[in-house]
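I record here what I looked up on the ligand site and on one set of paired strands.

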Amino acid sequence: MSEANWTTSITKTAAGELRVRGYEITAMIRQLTFAQTVFLILKGELPSAAEARMMEGMLVSSIDHGITPPSNLAARTVMSGGNSLNAAVAAGVLTIGDSHGGAIEQCAKILQEAVAQGEDAPTLVTRFKAAGKRIPGYGHRIHARDPRSSALFTLADECGFTGPHIRLAAALMEELERGGTHKLPLNVDGAIAAIISEMGFDWRLGKGFFLIARVPGLVAHVFEEWTTQKPMRKLGPLGGEYAGPADRELPLV
Ligand SMILES: CC(C)(COP(=O)(O)OP(=O)(O)OC[C@H]1O[C@@H](n2cnc3c(N)ncnc32)[C@H](O)[C@@H]1OP(=O)(O)O)[C@@H](O)C(=O)NCCC(=O)NCCS
C-alpha cells in the first residue's frame with residue numbers, strides 16, 4: 001500500500017523532472033504561452049486555439065485599474081509602511097472579494113444556474129429585486145459602460161463562444177437598466193463570468209481568474225511605490241472628517 005497521504009493530479013515531481021498535467025515542463029517552456037499554461041493547469045487539458053486566444057484576452061483585461069481600486073490602495077499603503085514586496089502584494093490580494101474582482105464567482109454561479117434552469121433575465125432581475133439583492137457583475141464606480149466588457153464579448157464572438165450565458169449576461173444589463181435612472185453596465189467581472197461559463201469552467205474558479213490576472217498589476221504598483229516614493233508618505237484620507245463624540249474630559253476617579 002502506498003504511504004502517500006496526499007495525491008494530486010496536477011503536477012508530477014521527480015528528481016530532474018516536472019510534468020504538469022502529464023506534459024514535460026521543458027517542452028511547455030518552448031511551446032506554450034502563459035495563457036495556454038494557465039488554461040492547462042486549471043482545466044487539465046490543452047486549450048484549442050480559440051480557447052487560448054480567449055484566455056489571453058481575459059487575463060489582459062484585468063491586469064490593472066490604476067490607483068482607484070482597494071487592492072492597489074492597500075498594496076501601496078502596506079509598502080509605504082516599510083514592508084516587503086511580498087507582504088504588500090499579499091495585502092492587495094486580500095482586498096479581492098465579492099465586490100472587487102471576486103464578483104466573477106457569484107456572477108458565474110448565477111448565470112450557470114439560470115441557464116441550467118431556463119430562467120430568463122426578467123425573472124432573475126425580479127427575483128433579486130424582491131430579495132433586495134444586487135446582481136454581481138453589474139455596476140461600476142467609474143464607467144457608465146465598461147470598455148473591457150464589450151471588447152471581451154467581441155473577442156468571444158470572434159472565437160465562437162457566444163452562447164446562452166453571454167446572451168443572458170447582456171439581457172440582464174438591459175433588464176436591470178429598464179425604467180431605472182442608474183447606469184448598471186456589465187462590468188469586466190460580469191463579462192469574464194459569462195465567458196468562463198461558456199468555456200465550461202466551474203464558477204468556483206471565478207475569483208482565481210481575477211487573482212491570476214491582477215497580481216502582475218499589483219507587483220508593478222508595489223515596485224513603483226518602493227522605488228519612487230518615500231516611506232510613510234501622505235497616503236491616507238487627508239480630508240477625512242472626524243464625526244465622533246465632541247471633546248470631553250474623563251470623569252474624575
Ligand atoms: C460596483 C459597485 C460597488 C459600484 O457601485 P456604485 O456605482 O457606487 O453604485 P451605488 O452603490 O451607489 O448604487 C447605485 C444604485 O444602483 C444600484 N445597483 C448598483 N449595483 C447594482 C447591481 N449590481 N445590481 C442591482 N442594482 C445595483 C444600487 O442598488 C443603487 O440603487 P438605489 O440608488 O436605487 O438604491 C456596485 O455596482 C456593485 O455593488 N456591483 C456588484 C458587485 C460587482 O459587480 N463588483 C465588481 C465591480 S468591477
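Which protein side chain holds an N or O atom 2.9 Å from an oxygen atom of the ligand? I found that of N187 at this distance. The protein covers 61% of the 870 Å² of accessible area that the ligand has on its own (Shrake-Rupley method, 1.4 Å probe).

I note that this is a predicted model, in which local features need pLDDT of at least 70, side-chain atom pairs count only at pLDDT 80 or more, and totals for chains, interfaces and linings use all residues. Residues are numbered from 1 along each chain as its sequence is written, and side-chain values use heavy atoms, with hydrogens and water left out.

Entry on the ligand shell. I find 15 residues around the ligand, the closest being R134, I135, G137, Y138 and N187 (a heavy atom within 4 Å counts as near). By class, I list six nonpolar, six polar and three charged residues in this shell.

For G137 I looked at the backbone, where an N or O atom lies 2.8 Å from a ligand oxygen atom.

Entry on the strands (DSSP runs of E, at least two residues; a pair needs at least two bridges). I see β1 (residues 11–14) antiparallel to β2 (residues 17–20), joined by four bridges; A14 has E17 as its bridge partner. Two residues lie between these strands in a hairpin, and G16 in the turn has a positive phi of about 75°. I then followed β2 to β3 (residues 23–24), also antiparallel, with two bridges. Here R19 stands opposite E24, and R21 takes a positive phi near 50° in the hairpin.

Notes. A polar contact is a pair of N or O atoms within 3.5 Å; within protein, one must be able to donate a hydrogen and the other to accept it, and residues adjacent in sequence count only if both atoms are side-chain atoms. Ala, Val, Leu, Ile, Met, Phe, Trp, Tyr, Cys and Pro count as nonpolar, Asp, Glu, Lys and Arg as charged, and the others, Gly among them, as polar.
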